[in-house]
Amino acid sequence: MGKMAAAVGSVVTLAAEPGEDAFRKLFRFYRQSRPDSSDLGAVIDFSAAREARGTGPDARKVIRSQLSVSSVSDHDAHRAGLQPVSKWQAYGLQGYPGFIFIPNPFLPGYQWHWVKQCLKLYSQKPNVCNLDKHMTKEETQDLWEQSKEFLRLKEVNKRRPRSLLEKLRWVTLGYHYNWDSNKYSADHYTPFPSDLAFLSEQVAAACGFQGFRAEAGILNYYRLDSTLGIHVDRSELDHSKPLLSFSFGQSAIFLLGGLKRDEAPTAMFMHSGDIMVMSGFSRLLNHAVPRVLPSSQGEGLPCCLETPLPAVLPRDSVVEPCSEEDWQVCTSYLKTARVNMTVRQVLAIDQDFPSEPTEEKKRDITTEGFCHLDDENSQVKRAKLNPDS
């Protein structure tokens, strides 16, 4: 593959692959990028103090976004582990109406809860995961219990086999998306986690979306060699509600493009604790994650994850205590990984799923071969791993 000849903002000169579009070119460039070079100079960093920084012209696209401060009480924000909305910084991008980026609004230590939930609780049955295709439900019943000793010993024996948690690539919550038919259905549903629903409702309300209902979630578990292919999230029946994205762990590069792939995307960093909201025009734009970035300190955690969760929590908090033992496992995992939670509302108020043919209703989505993420070492073709909807 060709290397970069020049980079100015989102304009990158590359040796083109046959039939390659502008988005795929930039995706390939950042997938091959070197973190310790000038390759990332044009990537927007929303978390750099109060001014979003970047060296290329894309940085000039950054604008401030207004939040609905009065829609979320300080008490409810605290219950979800968030700072008062009045203290959040929110940004948008010119040319991307409806896109909102909120650099880490979590209270110190409170990310611990959400990381632990992703690894310990949300990965359990009855939720669906990529390992279900190759293992029985009994074997995937409690990935945390089967993996925690492996992860504790990771520092001692780095050549040991990967634990099941390290082999986890995705988990679906609520309405489980059928990647074969590109549909949700009423038949494939498990209760959506109440704590994640509450967090999502507060963030949506702060962004002007009162009454948001968290009905479906996709958790992506990234290793350092993972990518998320170019795609559009259009299968929800109600596109008037936003898509919420929460990032934890190692940083990554996110590409936000246009309605068509021949439009070059804008690159931005996603750091631990960052929240993205895609609504309105931006709800149906192409996007992707070409690169997870290793920590500059080697195998270390982002600074925001070094502060422990407070010992005393609000009485009605949805956040639960996290033991030192549990966080030790989470730390071992996150040193070379990141987790992303995306939450969506699938149906409008009083809307039902359309009727489906009987044979399609009988499909068991746990037996279908699909995955959001791709690893460089995977032997399965990218087209299978990253179906572009």
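1. Asp 233 is buried, at a relative accessible area of 8%; here buried means under 20% relative accessible area, exposed over 50%, and partly exposed in between (1.4 Å probe, protein chains only). Asp 233 sits in the loop between E9 and strand E10 (243–249). Strands (E, at least two residues) and helices (H or I, at least four) are DSSP runs, numbered from the N terminus. A word on the basis of all this: the model is predicted, with local features needing pLDDT of at least 70 and side-chain atom pairs counting only at pLDDT 80 or more, while totals for chains, interfaces and linings use all residues. Residues are numbered from 1 along each chain as its sequence is written, and side-chain values use heavy atoms, leaving out hydrogens and water.

2. Asp 233 also carries an annotation. An unreviewed UniProt entry places the feature "binding site" at His 231, Asp 233 and His 287. These residues span 57 residues in sequence, yet no two of their C-alpha atoms are more than 9.0 Å apart, so they gather at one spot. Please keep in mind that UniProt positions are given in the numbering used here, that feature names are shortened, and that annotations may be inferred rather than shown by experiment.

3. His 231 belongs to strand E9 (residues 226–231). With 6% relative accessibility, His 231 is buried. Its side chain reaches the backbone oxygen of Gly 229 at 2.8 Å, a polar contact (a pair of N or O atoms within 3.5 Å; within protein, one must be able to donate a hydrogen and the other to accept it, and residues adjacent in sequence count only if both atoms are side-chain atoms).

4. What does the side chain of Asp 233 meet in a salt bridge? The partner is Arg 344, at 3.4 Å, N to O. A salt bridge is a side-chain nitrogen of Lys or Arg within 4 Å of a carboxyl oxygen of Asp or Glu. This pair links distant parts of the chain, with Arg 344 in strand E15 (residues 337–344), 111 residues from Asp 233. Both partners, Asp 233 and Arg 344, are buried. A network of salt bridges links Asp 233, Glu 236, Arg 283 and Arg 344.

5. The whole structure has 14 salt bridges. One of them joins Asp 316 and Arg 79 (3.7 Å, N to O). That pair is 237 residues apart, with Asp 316 in the loop between strand E14 (287–292) and helix H7 (324–334), and Arg 79 in helix H2 (residues 74–79). Asp 316 is partly exposed at 34%. Glu 215 and Arg 213 form a salt bridge as well (3.3 Å, N to O); Glu 215 is buried at 10%, whereas Arg 213 is partly exposed at 30%.

6. On to the nonpolar cores, each a set of buried Ala, Val, Leu, Ile, Met, Phe, Trp, Tyr and Cys residues joined through side-chain atoms within 4.5 Å. The largest has 65 residues, of which Leu 199, Phe 246 and Met 341 touch the most other members. Helix H6 (residues 194–206) gives the most to this core, with eight residues. A second, separate core of 21 residues includes Tyr 91, Tyr 222, Phe 254 and Met 268.

7. Finally, the cysteines. The count of disulfides is zero, a disulfide being a pair of cysteine sulfur atoms within 2.5 Å. The sulfur of Cys 118 has its closest cysteine sulfur in Cys 330, 9.3 Å away, too far for a bond. Cys 118 is buried, at 0% relative accessible area, and Cys 207 is buried at 11%.
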